[in-house]
Amino acid sequence: SYVIEKWLHKHVHEMFDLFVTPLVSVLITGFLTLTVIGPVFSQAESWVLDGAKWLITIPLGIGSFLMGAAYAPTVVAGVHHMYNAIERSMLADNGQNIWMPIATAANVAQGAAALAVGIKSRNKKIKSMALPSSLSAFMGITEPAIFGVNVRFVKPLIAGMIGGACGAAVASLMNVYATANGVTGLFGFLITTESFLGYLLTFAVAAGVAFIDS
């Protein structure tokens with residue numbers, strides 16, 4: 001949009017610029033969004049979604065391990081919300097949402113990695129950012145921890161991916177599942193009552209591995 005506006009400002013007469021430039025910019029941007037950008041991103045999301053569905057079908061916890069590691073990068077890319085479709089599909093099929101424990105493992109691991117940074121750092125500014133963001137991640141909201149801390153230092157992000165992978169594998173091997181969707185982390189205990197111990201171990205392994213590796 002900025003490029004289009006800049007070009008129009010140069011080529012449209014000053015008398016018509018105030019009216020023509022905004023109108024044409026919106027029309028062109030809207031047209032490109034509907035015909036090019038939208039379909040491309042829609043197809044990309046479909047590929048990621050299909051890949052995620054395929055991954056978690058790999059037995060012996062291998063698929064969940066891989067998805068637990070890949071989850072955080074999809075958060076960085078901003079495409080993780082589409083996983084809600086997988087959860088709804090699972091709940092409709094048999095009432096068992098096995099995707100949610102994978103997401104929890106990934107989220108908790110990123111929180112534990114941020115917590116490690118906050119504890120180890122001597123910088124007060126980093127501490128003030130890392131500690132609250134880790135708590136947020138334990139409750140299922142990872143963006144502050146990932147973007148504010150882990151991506152910045154890289155190593156915690158990787159440690160979180162490793163922890164998420166290990167925790168997700170545990171969840172798969174112990175057949176952990178949720179009976180609803182929409183929450184992860186600590187609040188996830190409310191919807192995993194039928195596999196409480198497995199969920200607790202998933203939580204502990206993901207957090208422990210990420211914290212130690214950070």
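**View 1. Helix H5 as the leading contributor to the lining of the largest pocket.** In this predicted model, helix H5 gives the most to the lining of the largest pocket, with four residues. Helix H3 (62–77) and helix H4 (84–94) join H5 (99–120) in the group of helices that each supply at least two residues of that lining. The pocket itself holds about 340 Å³ of space, and of the 19 residues that line it, those closest to its centre are Tyr71, Asn84, Gly140, Gly182 and Thr184. By residue class, the lining divides into nine nonpolar, eight polar and two charged residues.

**View 2. The largest nonpolar core and the surroundings of Tyr71.** The largest nonpolar core has 34 residues, and those with the most contacts inside it are Met67, Tyr71, Tyr83 and Trp99. Two or more residues of this core come from each of helix H2 (14–55), H3, H4, H5, helix H8 (155–173) and helix H9 (196–213), with H5 giving the most, at nine residues. When residues up to four places away in sequence are not counted, Tyr71 touches His80, Tyr83, Trp99, Ala103, Ala106 and Asn107. Tyr71 is also listed among the residues closest to the centre of the largest pocket.

**View 3. The aromatic pair of Tyr83 and Trp99.** A search of the whole structure finds six aromatic pairs. In one of them, Tyr83 and Trp99 form a tilted arrangement, with 4.7 Å from centre to centre and 50° between the planes. This pair links distant parts of the chain, given that Tyr83 is in the loop between H3 and H4 whereas Trp99 is in helix H5, 16 residues apart. Both Tyr83 and Trp99 are buried.

**View 4. An aromatic cluster of five residues, from Phe138 to Phe203.** One aromatic cluster is formed by Phe138, Phe189, Phe196, Tyr199 and Phe203.

View 5. Ser133 has its place in helix H6, which covers residues 124–138. With a relative accessible area of 4%, which lies under the 20% cut-off, Ser133 therefore counts as buried. Leaving aside residues up to four places away in sequence, Ser133 touches Ala114, Pro144, Ala145 and Val149.

Key: Residues numbered from 1 in each chain as written. Predicted model: local features only at pLDDT ≥ 70, side-chain atom pairs only at ≥ 80, totals over all residues. Heavy atoms only, no water. 1 Å grid on protein atoms, 1.4 Å probe; cavity = no way out; pocket = protein on both sides within 12 Å on 5 of 7 lines; lining within 4 Å. Points joined across faces, edges and corners; volume = space filled by probe spheres on them. Nonpolar A, V, L, I, M, F, W, Y, C, P; charged D, E, K, R; others polar. Phe/Tyr/Trp six-rings, centres within 6.5 Å; stacked < 30°, edge-to-face > 60°. Buried < 20%, exposed > 50% of the residue type's maximum accessible area, 1.4 Å probe, protein only. Core = buried A, V, L, I, M, F, W, Y, C linked by side-chain atoms within 4.5 Å. Contact = heavy atoms within 4.5 Å.
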